[in-house]
Amino acid sequence: MDAIRTRLTQSSLVGVVEDEDEDELEMSFVTSDEEEEGPSGEITALVRRHGYQRAGLFLCVCVVVIFTTAFLLAYAVFGGRCSLVGGQGAEEEEQRGGTKPPGGGGAGLYLGELRLMMRRLLQDEDIHKTVSRVSRTNHPPGSSDGTSLASEVLRRFRLLQMDHTWTESLYATLQFPHRSQRSSLWLVDSAGLISEQIPLNPSDYCPYSGTGSTTGGVVYANYGRPEDFNWLESTGVSVVGCVVVMRVGGEVSYAEKVWLAERSGAGGALIYPDPADLPQDPRRLGLNTHTAVSEHVHLGSGDPFTPGFPSFNHTQFPPVQSSGLPLIPVLPITASVAAKLLSQLSGASCPRSWRGRLPYVHCVVGPEFSSGHTVAMSVHNVMMPVLLNNIFSSLEGRVEPDHYIILGAQRDSLGPGAVTSGVGTAVLLELARTFSAMVKNGFSPRRSLLFVSWDAGDFGNVGATEWLEGYLSMLHLKAVAYFSLDQAVMGDDVLSAYTSPLLVDLLDAAIRQVEHPKHAGQSVYSQAEREGGSWRIIKPLYLNSGAYSFTAFAGVPAMELRFTEERAYPFINTPLDSAARLQEVLGGRLGFTGRSIGELVGEMVLRLAHDHILPLRITSYARTVLQFSAQLNKHSAELQSRGLSPQWVFSARGDYSRAAETLQRAIDYSDLHDPTAAAFYNSRIMRVEYYFLSQYVSVVETPFRHVIHGRGDHTLSALSEHLGLLTSDPERFDEKRFRRQLAFFTWTLQGAANALNGDVWSIHNTHTSTH
């Protein structure tokens with residue numbers, strides 16, 4: 001108390017403006033029924049000696065000083081955390097969790113402070129340097145350059161002194177060109193004699209192509225999409241035994257093109273870049289006409305000889321060939337080779353939309369040559385076991401260390417790979433450095449951050465998929481989300497997010513916070529709104545995406561972000577994919593654009609590492625299923641005429657929607673700072689994606705079991721396509737197959753609803769028998 005008295009006495013020396021109007025308030029305060037001991041007694045004595053007015057003024061000064069002292073003490077302790085961050089108002093910060101500190105684990109920084117720290121620490125200089133280093137030479141898996149790069153990434157992780165850094169090695173079967181026998185392409189005359197050998201680059205090949213030879217006519221099939229092969233069939237053009245020529249692009253991977261060609265009876269496939277799709281004027285940053293585009297053709301991911309299970313030790317597993325491996329030979333060819341072949345075709349004219357920009361080519365589909373020639377092709381590739389190295393580094397969470405937020409990037413490339421491996425590796429290392437520095441500056445993430453450099457990405461995300469297969473039984477309990485950094489920068493204008501719907505809210509918050517790399521002063525969100533709406537950013541996951549296997553195979557919410565230009569980046573998967581060309585495409589802004597990607601991903605990682613309750617949109621799949629229910633309802637009469645009732649699906653959809661909404665309401669009205677409640681809700685939120693993996697199909701035969709994002713007869717897309725036959729081609733509608741599809745999907749959806757409901761006594765399923 002003596003210290004308080006001394007402080008009050010010293011404070012009385014401060015100049016005070018007297019206010020006669022406050023006498024009444026001061027008098028009522030000092031004459032309240034307080035004890036006469038301590039400070040109150042001293043104040044009473046002052047009143048008696050010097051008069052009520054001076055004592056009242058003294059009291060006023062005391063109140064001001066005490067209030068000021070308390071405010072300064074609070075500011076010193078809490079670091080001024082009431083201030084607004086990044087120009088955002090307090091209300092917006094509260095909506096994003098910015099005004100509530102994370103509890104536990106010593107996590108004392110607010111989200112707004114963490115954002116500022118991350119933006120301050122993220123740098124763009126190292127991004128450009130790393131892209132240049134990674135892409136200075138070809139570095140396929142198993143090569144000396146690939147091994148050297150792996151060692152360098154490991155060294156850089158170790159320099160960051162994170163909590164754990166390690167390597168996991170495995171053998172996988174990869175395919176490479178034969179060292180002595182070259183793949184070939186010939187024109188053959190009517191007598192079967194070779195009339196001309198067409199020159200090919202021996203390094204151009206499609207990994208996992210079928211091997212051997214084939215001879216036949218040539219059919220042009222546009223992009224090789226389902227609708228393209230359907231058009232050929234509808235016009236009576238048969239591809240059976242022919243070599244099918246298809247264009248790069250059309251939102252169809254090489255693997256899907258080849259699978260559709262083989263299913264249609266083709267004997268071989270050739271894939272080329274058309275100038276209409278990929279610019280081919282070297283003077284304007286385009287391909288030259290003698291450059292082919294390579295891509296793997298395995299309709300799947302991972303080692304195709306251990307589908308659904310890990311290839312950590314080949315000696316313990318008998319070889320099982322993936323059903324996604326093609327049997328027909330496939331070659332990538334240049335635009336000049338394609339023009340040579342297609343310019344000699346005769347036959348029916350193709351649709352106007354199929355016309356490309358090859359010189360001297362009149363768009364006809366074949367299969368005959370006007371000269372009577374046919375085409376012969378042979379592919380000589382070999383399978384070989386290769387030692388792969390996945391490199392990991394982690395920052396351990398302080399509250400939930402067994403829950404991981406994973407960031408990963410492909411490290412290998414058959415070519416220089418500035419886009420395919422350079423950008424992702426550079427952004428991965430920069431984010432690892434940034435978050436490591438943040439931890440040293442006081443950031444205590446609630447959940448663990450895991451940074452991974454994957455091997456054999458050019459062969460179908462082999463390294464990542466084999467790791468998923470090895471830890472499949474536990475990942476849905478531990479992996480919160482995955483962010484793929486592959487091919488993140490192919491331009492600096494248009495952002496695309498290939499994502500699970502569960503992560504859409506996170507993305508929406510991030511694009512509002514991050515400045516657009518090309519349009520200064522504009523957020524990514526505001527620029528997208530100006531150009532037609534931010535909803536255009538959201539796109540479905542696709543097979544070749546680095547994020548696809550995490551969601552479709554393992555049931556982990558995943559996202560892959562990408563900046564592109566309206567004009568396609570033409571060099572990807574070619575020997576021309578260099579840092580210099582990418583930098584030229586970006587006008588010198590490679591590092592800055594890479595930093596923008598890093599900031600977007602960092603924003604989402606911060607939320608996932610910071611918030612008490614995981615900010616995932618658990619009601620998102622209800623909308624997807626509702627759209628299918630509407631489609632199903634349109635065909636209700638036809639289904640009932642066949643003895644099929646859609647009521648079962650409607651009931652499951654309703655159960656899932658109610659369960660998701662009930663859980664979301666419970667979260668909204670709960671004490672989110674209660675550790676028990678947070679753990680309870682987070683455990684259910686983390687399983688939502690996993691619930692959509694069908695339990696009724698084999699993981700070995702059908703690895704992508706997700707009923708929304710997966711591939712196979714059990715998926716919603718296959719069910720919708722089959723349902724469409726009721727009106728487009730009723731004779732092809734298979735009632736028995738449809739019943740099976742409907743049952744698989746409905747029970748998966750009902751299982752997800754039951755799981756979200758929680759305890760078995762909270763579930764009240766009513767099943768109506770239909771015949």
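E603 and R115 form a salt bridge, with their closest N and O atoms 2.9 Å apart. A salt bridge here is a side-chain nitrogen of Lys or Arg within 4 Å of a carboxyl oxygen of Asp or Glu. This is a predicted model, in which local features need pLDDT of at least 70 and side-chain atom pairs count only at pLDDT 80 or more, while totals for chains, interfaces and linings use all residues. Residues are numbered from 1 along each chain as its sequence is written, and side-chain values use heavy atoms, with hydrogens and water left out.

**Salt bridges**

- Helices (H or I, at least four residues) and strands (E, at least two) are DSSP runs, numbered from the N terminus.
- E603 is buried, at 4% relative accessible area, and R115 is buried too, at 1%. Buried means under 20% relative accessible area, exposed means over 50%, and partly exposed is in between (1.4 Å probe, protein chains only).
- In total, the structure holds 25 salt bridges.
- E400 and R447 form a salt bridge with an N to O distance of 3.2 Å. This pair links distant parts of the chain, with E400 in strand β11 (residues 400-410) and R447 in strand β12 (residues 447-454), 47 residues apart.
- E400 is buried, with a relative accessible area of 10%, and R447 is buried at 0%.
- Salt bridges that share partners join R115, R119, R595, E599 and E603 into one network.
- The side chains of E227 and R225 also meet in a salt bridge, at 3.5 Å from N to O. E227 is partly exposed, with a relative accessible area of 45%.

**Two single residues**

- T434 is found in helix α12 (residues 418-440) and is buried, with a relative accessible area of 0%.
- Leaving aside residues up to four places away in sequence, T434 touches M118, L121 and L122. Contact means heavy atoms within 4.5 Å.
- N757 belongs to helix α26 (residues 735-757) and is partly exposed, at 28% relative accessible area.
- N757 and D655 are 102 residues apart in sequence, and their C-alpha atoms are 9.0 Å apart in space.

**Helix α20 with helix α22**

- Helix α20 (residues 620-634) and helix α22 (residues 647-668) pack at an angle of about 160°, with axes 10 Å apart. Axes are lines fitted to C-alpha atoms, for helices over the stretch in contact, and angles run from 0 to 180 degrees between N-to-C directions.
- α20 and α22 are therefore roughly antiparallel to each other. Angles over 145 degrees count as roughly antiparallel, under 35 as roughly parallel, 65 to 115 as roughly perpendicular, and the rest as oblique.
- The crossing of α20 and α22 is left-handed, a term for a near helix turned anticlockwise from the far one by less than a right angle.
- Residues of α20 in the contact include Y621, A622 and V625, and those of α22 include V649, F650 and R653.
- By class, this contact has 9 nonpolar, 3 polar and 1 charged residues. Ala, Val, Leu, Ile, Met, Phe, Trp, Tyr, Cys and Pro count as nonpolar, Asp, Glu, Lys and Arg as charged, and the others, Gly among them, as polar.

**Helix α25 with helix α26**

- The axes of helix α25 (residues 716-728) and α26 come within 10 Å and cross at roughly 145°. The crossing of α25 and α26 is left-handed.
- L716, A718, L719, H722 and L723 of α25 meet R737, F738, Q741, L742 and F745 of α26.
- The contact of α25 with α26 has 7 nonpolar, 2 polar and 1 charged residues.
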